[in-house]
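Biologist: I would like to learn how to read a protein model feature by feature. Could you take me through one, giving the general idea before each case?

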Amino acid sequence: MSFINYSSREINCKLVYYGPGLGGKTTNLQFIYARTSPEAKGKMISLATETERTLFFDFLPLSLGEIRGFKTRFHLYTVPGQVFYDASRKLILKGVDGVVFVADSQNERMEANIESLENLRQNLIEQGYNLDKLPYIVQYNKRDLPNAAPLDEMRQLLNPSRAPEFEACATTGVGVFETLKAIAKAVLTELKRGGGG
Amino acid sequence: MSGPEVMFPEEQKQIAIVCQRLHRDSNAKAVLLIGRDGQPIAEAGEVGEIDVTSLSSLTAGNVAATGGISKILREKDFTSQFHEGEKTHVHITLVAGRAILVVLFDERSSLGLVRLRVRRATEEMARLFEQVARKAASQTGPSILNEITDADIDKLFND
């Protein structure tokens, strides 16, 4: 849930990168971290296993500038993608303001994408959210791979509601900042639309 | 989805005073107040060396995980936690289900003293959070959210 501090003049928002295991969620955050100026970012935290698979979450705090004298701070989180970490995913979705679904474009990961999207929808419902009403961006990652599924096919399977979408290659950074800007903008627009109640 | 959490200058000031008093009365190294989603709200004491943003996020994750454990065990939220370190110990308490109070202390203090002082501080903080909630619900003055225009948002994302 966004947090507006009228004393320190800050708007804080929480963004969550969701998607199947090994889909590139952590890579998105790592690229953002590597390409952001030191004064705009905090330390990136990765709670990972010894084999570098996300165990609980990755966390990256970012400042995106000021609006009307208020600093905008975005807290970026990833969830662990592996199926058996579902309890952790639910916790990380608490208080979320916007979601990026990072889909793996490889043909053989399509079932995992669908399963993860269903899981996202269900876990949001449990937290009292509706994916169709939440700021939401779909990122088709790994577009550079030879076994990438056709975009139209992925769109039909993963984005029937036509949420804003981006093609990406998180390892080289293609589409990473476009995705981030789109979700951050959608969150601020939704916050403004809500007008603070 | 409910509206955003807010904090106003007057209550922020009072919360900061409660943190400072807790820091002094419990002989703690530092006191931090954090939102349940991991945003730092207030701090007192020796925080210069500490990465407060990271600590806040990890503490919120820790509290969320502990809350998950309590659910599995069909317990109510575990309202406090204690981590014993070699030099620094950490006491974590939920404040009115809205925030997390973290006290870092060493051999200059004790768990008993921290617990005692935390109890009083959390009561005061809970009252202040109630005050904030009431104020936010009846807010009639201009809200920053009403002042923001689409052009302001666009400007933020112009390269």
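This is a predicted model: local features need pLDDT of at least 70, side-chain atom pairs count only at pLDDT 80 or more; totals for chains, interfaces and linings use all residues.

Biologist: In what order do the 5 strands of the open sheet in chain B stand?

Modeller: Strands of a sheet pair through backbone hydrogen bonds, either parallel or antiparallel. Strands here are DSSP runs of E with at least two residues, helices are runs of H or I with at least four, and both are numbered from the N terminus; two strands pair if DSSP finds at least two bridges between them. In chain B the order is S3-S2-S6-S5-S4, with antiparallel pairing. S3 and S4 (80–83) of chain B stand at the edges with a single partner strand each, so one side of each has no neighbour in the sheet.

Biologist: Which residues stand opposite each other in these pairs?

Modeller: S2(B), residues 30–35, pairs with S3(B) over 5 bridges, and there B:Leu32 stands opposite B:Glu43. The hairpin of S2(B) and S3(B) has 4 residues between the strands, and in it B:Gly38 takes a positive phi near 100 degrees. S5(B), residues 89–95, and S6(B), residues 99–105, pair over 7 bridges, with B:Ile92 opposite B:Val102.

Biologist: At what angle do helices H1 and H3 of chain B pack?

Modeller: Axes are lines fitted to C-alpha atoms, for helices over the stretch in contact, and angles run from 0 to 180 degrees between N-to-C directions. Angles under 35 degrees count as roughly parallel, over 145 as roughly antiparallel, 65 to 115 as roughly perpendicular and the rest as oblique. H1(B), residues 9–25, and H3(B), residues 111–137, pack at about 180 degrees with their axes 10 Å apart, and they are therefore roughly antiparallel to each other. As for the sheet, H1(B) lies across S2 and S3 of chain B, whereas H3(B) lies across S4, S5 and S6 of chain B.

Biologist: Is B:Ile69 buried or exposed?

Modeller: A residue is buried if 20 or more other C-beta atoms, placed from the backbone, lie within 10 Å of its own, exposed if 12 or fewer, and partly exposed in between. B:Ile69, which lies in helix H2 of chain B, is exposed because 11 other C-beta atoms lie within 10 Å. The buried residues of H2(B) include B:Leu55, B:Thr59 and B:Val63.

Biologist: With which strands does S2 of chain A pair in the parallel sense?

Modeller: S2(A), residues 10–18, pairs in the parallel sense with S5(A) over 8 bridges and with S6(A) over 4 bridges. Of the 9 residues of S2(A), 8 are buried.

Biologist: Which residues have the most contacts inside the largest nonpolar core?

Modeller: In soluble globular proteins, nonpolar side chains tend to be buried together. A nonpolar core is a set of buried Ala, Val, Leu, Ile, Met, Phe, Trp, Tyr and Cys residues joined through C-beta atoms within 7 Å. The largest one here has 93 residues, and A:Val16, B:Ile100 and B:Leu101 have the most contacts inside it. Helix H5 of chain A, residues 176–194, gives the most to this core, with 9 residues.

Notes: Residues are numbered from 1 along each chain as its sequence is written. Chains are lettered from A and ligands numbered from 1 in the order in which they are written. Two residues are in contact if their C-beta atoms, placed from the backbone, lie within 7 Å.
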